[in-house]
Amino acid sequence: MTAAHRTILDAIGNTPVLPLRNVAPRDGARILVKLESQNPTGSMKDRIAMAMIDAPTRDGRLKPGGAVVEYTGGSTGVSLALVCAVKGHPLHLVSSDAFSKEKLDHMRLLGARLTIIPSENGRQTEALTRAMIREGHRIAGEMGAYITAQMENTDQLAAYTAMADEIWEQTGGRVDGFVGSVGTGASLRAISARLRERDARICIVGVEPAESAVLSGGPTGAHKIDGIGAGYVVPLWHDGIADRLEPVSTEEARAMAFRLAAEEGLFCGTSTGANVTGAIRLAERLGPDATVVTIMCDTGMKYLKTFAQSMD
């Protein structure tokens, strides 16, 4: 019999993997999706929220009951709100109307205080990302609070290394390719490094918005894929992380999210749609004897209003 969890935070991680049955290419590689939607807030960011609070607590950077500040596109903020609620840290988040209202409401319901930065017609841009970061640092300085600063925080890498270990164990060491979208760069950086330690032949593909494919050398632009594509080369990124970069448009990502719901029963967000689009392209290249792994970043319940509007 499994022992009872002490808190909801004990339910973070150890998420299942699931093979795609219908949207995977007929003559392509097997595609496995790691269901990070099974974490308590429905997002992979629960992992890093724990890491970004636990590490500074251990070394004294964050005192018991100390206030925390973060800038966020949504999921990291929700996850931090959960962790801070359980651990007793007041939390102030900087976000924007560019991101789903469901996420903003979720943060507030978990006790976070929000500052909202207006966007340009609901789109994510470099200017918006940088404005949120500036405001987060300003608030932290004014409050004397600890800022987790996800764009440059290396404490989170350990959480994604652990995810890579789970992937390796769940596949029995059979991974030929891994596909992940790039937001802060932390997940792909840590997962790729760990998987390559296991097998240097694994092909790593980074996904970014086609409208703002800056990692590929393109111009900065505006897009509507929540959680990825900051609009500039983020501090945690370096050129050796991915073997190739795959641009996926907002429309392609949304269309795939809808297909995953209708054909696989996987209700996910647009970043997952982008991941699976990239995974399908890699599966077609690698062929039927290979296995490609990607991530279901979060649940589509975080985007109900946004998706409903796009279907009108």
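**Exercise 1.** Determine which kind of contact the side chains of Arg-47 and Glu-36 make, and where the two residues lie.

*Solution.* The side chains of Arg-47 and Glu-36 form a salt bridge with an N to O distance of 2.6 Å, where the term requires a side-chain nitrogen of Lys or Arg within 4 Å of a carboxyl oxygen of Asp or Glu. This pair links distant parts of the chain, since Arg-47 belongs to helix 1 (residues 45–59) and Glu-36, 11 residues apart from it, to the loop between strand 2 (30–35) and helix 1; helices (H or I, at least four residues) and strands (E, at least two) are DSSP runs, numbered from the N terminus. Both residues are buried, which means under 20% relative accessible area, with exposed over 50% and partly exposed in between (1.4 Å probe, protein chains only).

The model is predicted, so that local features need pLDDT of at least 70 and side-chain atom pairs pLDDT 80 or more, while totals for chains, interfaces and linings use all residues. Residues are numbered from 1 along each chain as its sequence is written, and side-chain values use heavy atoms, without hydrogens and water.

**Exercise 2.** Work out how Lys-101 and Asp-105 are placed in helix 3.

*Solution.* They lie 4 residues apart in helix 3 (residues 101–109), about one turn of the helix, and their salt bridge has its closest N and O atoms 2.9 Å apart. Lys-101 is partly exposed at 47% relative accessible area, and Asp-105 is partly exposed at 24%.

**Exercise 3.** State how many salt bridges the whole structure holds.

*Solution.* A search of the whole structure finds 26 salt bridges.
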